[in-house]
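Open the model in your viewer and switch to a cartoon display. This tour says what to select at each stop and what is there.

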Amino acid sequence: MPTYHIWTLGCQMNVADSLKLASGLDRIGWSESPDEGSADLFVINTCSVRQHAEDRAYGRLHQLRQQRQRGEQFQIAVMGCMVGPKTDDLQRRFPWVDVWARPQEYDPILTAAGVARDASEGEFWTETYGRPSGPTAYVPVVHGCDKFCTYCIVPLRRGRERSRPAAEVLDEVRYLAAHGVREVTLLGQTVEAYGHDLDEGADLATLFEGIEAIDGIVRTRFLTSYPKDMTDRIIDAVADLPKVCEHFNIPVQSGDDAMLERMRRGYTVAEYEERVEYIRKQMPHASLATDIIVGCPGETDEEFANTVALLERIEFDVIHVAAYSPRPGTFAYRKQVDDVPREVKRERLHVIEELHARSSSAINRQALGRQVEVLVEREQDGRSTGRTRGGQLVHFAGTGLVGQLVDVAVDEVTAWSLHGRLAGDLTLAVI
Ligand code: SF4
C-alpha cells in the first residue's frame with residue numbers, strides 16, 4: 001500500500017486542509033506513513049503569513065532535495081498559501097517539486113498519486129471529511145477573504161470568500177459527532193462573513209443553531225472574528241445557545257486609527273470597542289483574544305502607545321503578537337516602506353508580550369479556588385489536559401476521561417495555564 005506524510009505549517013485552516021487531504025488519500029487506498037522518511041509522497045502544507053514560516057518550508061524542501069540526491073525515491077507535493085495562481089517562479093526555484101497545489105485544491109495531489117481522473121470528480125471532496133484525531137475538530141465553513149488588509153497575503157493566495165452550504169457543514173459535524181468528536185471549531189479567515197455569498201440566507205448563527213441539535217457535540221467554537229462582520233444576531237446567538245462557547249478571537253491589529261487606516265482594516269478603534277462593549281453587555285464573562293502586529297510601515301511611538309493603551313483598556317485574556325514582515329505581492333510590500341527598525345519592532349513585541357503575561361496572570365488568578373468545566377482533550381503520564389469554555393488550558397491528575405466534560409478545582413495558576421484536581425463533592429463556584 002503506498003504511503004504519504006503531510007507536514008503542516010501555519011494556522012488551523014491548514015491543519016483542517018491537511019486532515020481532509022489525508023482522508024482523501026485514505027479513501028483511494030493510501031495510508032499514512034508512521035515514519036516520514038519512508039513515505040512515497042511527502043506533502044508540505046505551507047504558510048506565507050510570516051517570513052519565518054516560509055523559511056521553514058524552504059529549509060525542508062532543500063532537505064528533501066538532498067534525500068532525493070542520495071537516491072531515495074518519493075514524490076514531493078507543496079500545497080497551501082505559498083502556492084498562488086502562478087507557479088512559474090516556484091517551479092524555477094524548486095524544480096525538484098513534483099506537484100504544486102493551491103489551498104483547498106487537492107486534485108493535483110491525487111493526480112500525482114496516480115488516481116484515475118473520475119475518482120476526484122463529483123462529490124469526492126465534499127464528502128471527504130477531515131479524519132478526527134481526538135474529541136475536538138476544526139470545520140472550515142468559509143474559505144478565502146475579501147478584506148485585503150495591506151500587509152496580508154491571504155486573499156491573494158486563498159482567494160475571495162466562499163461559504164460552504166449550511167447542509168454540507170452540518171453533515172460534516174454529524175459525521176464528526178458520530179466519530180467521537182465533542183467540540184467543533186468553525187473556521188474562516190473572517191468567520192462571521194459566513195453566508196454572505198449564499199442564496200440560502202444562512203449566517204454563522206444559523207450554523208450555531210443547527211449544531212445545537214446535533215447529539216454528541218457539547219461545545220461549538222468559532223474563529224477568526226472580524227469586527228465589521230460581527231452582527232448583533234451572531235453575538236446574541238453566542239449568548240443564547242448553550243453549546244456555543246463565549247470566547248471571541250477578534251484581531252484588532254492596532255489601537256490607532258491612522259495605523260488602522262494604513263493597514264486598511266476597515267474599522268476605527270471606536271467601532272472595535274463598540275463591538276467589545278456589546279459582547280460584554282450580553283456576556284459579562286466572555287473571554288476575548290486578539291492579534292496585534294507591531295512595527296507596520298510608518299508606526300510611530302505615539303501610534304504604538306495607543307495600541308498599548310487599548311490593550312490596557314480592554315484587558316484581553318489572550319494577546320497574539322507578531323512583528324511586521326513584508327510579504328511579497330501585498331500592497332504594503334509594493335507601496336509602503338518597511339521603515340520601523342528591527343530593534344524597535346523587537347522592543348514593541350517585548351512590551352506587548354509582557355503586558356499579555358501580566359493580564360493573563362491576573363485573569364488566571366481569578367480562577368484560583370474555583371471550579372471550572374473542562375472538556376478533556378488528551379492525557380499523558382497520569383495527567384489530563386483540556387480547556388475551559390473560555391479557552392484556558394487546564395491540567396489535572398487523572399486519566400480515562402478524554403472526551404468528557406469534567407469539573408476541575410483549580411489550586412494553582414500560571415500566566416498560561418490552570419492546574420487542579422478533579423472536583424468531587426466540593427462546593428465551589430463554577431465559572
Ligand atoms: S481580514 Fe485582513 S488580515 Fe485577516 S485574512 Fe483577511 S486580509 Fe488577511
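The stops below cover a strand barrel and then a pair of helices. Keep in mind that this is a predicted model.

**Stop 1: the barrel.** Select strands β13, β14, β15, β16 and β17. They form a closed barrel of five strands, in the order β13-β14-β15-β17-β16, and the pairing is mixed. From one strand to the next, the twist averages 50°.

**Stop 2: a parallel pair.** Select residues 393-397, which are strand β15, and residues 417-422, which are strand β17. Four bridges pair these strands in the parallel sense. Show the side chains of His395 and of His419 in β17: the two residues stand opposite each other.

Stop 3: A hairpin of three residues leads from β16 to β17.

**Stop 4: two helices.** Now select α7 (residues 204-212) and α8 (residues 232-240). How far apart are their axes, and at what angle do the helices pack? The axes are 8 Å apart and the angle is about 20°. Angles under 35 degrees count as roughly parallel, so α7 and α8 are roughly parallel to each other. Their crossing is left-handed.

**Stop 5: the helix contact.** Show side chains for Leu204, Ala205, Phe208 and Glu209 in α7, which meet Arg233, Ile234 and Ala237 in α8. Five of the contact residues are nonpolar, two are charged and none is polar.

Methods. Residues numbered from 1 in each chain as written. Predicted model: local features only at pLDDT ≥ 70, side-chain atom pairs only at ≥ 80, totals over all residues. Pairing = 2+ DSSP bridges. Axes fitted to C-alpha atoms, helices over the stretch in contact; angles between N-to-C directions. Parallel < 35°, antiparallel > 145°, perpendicular 65-115°, else oblique. Left-handed = near helix turned anticlockwise from the far one by under 90°. Contact = placed C-beta atoms within 7 Å. Nonpolar A, V, L, I, M, F, W, Y, C, P; charged D, E, K, R; others polar.
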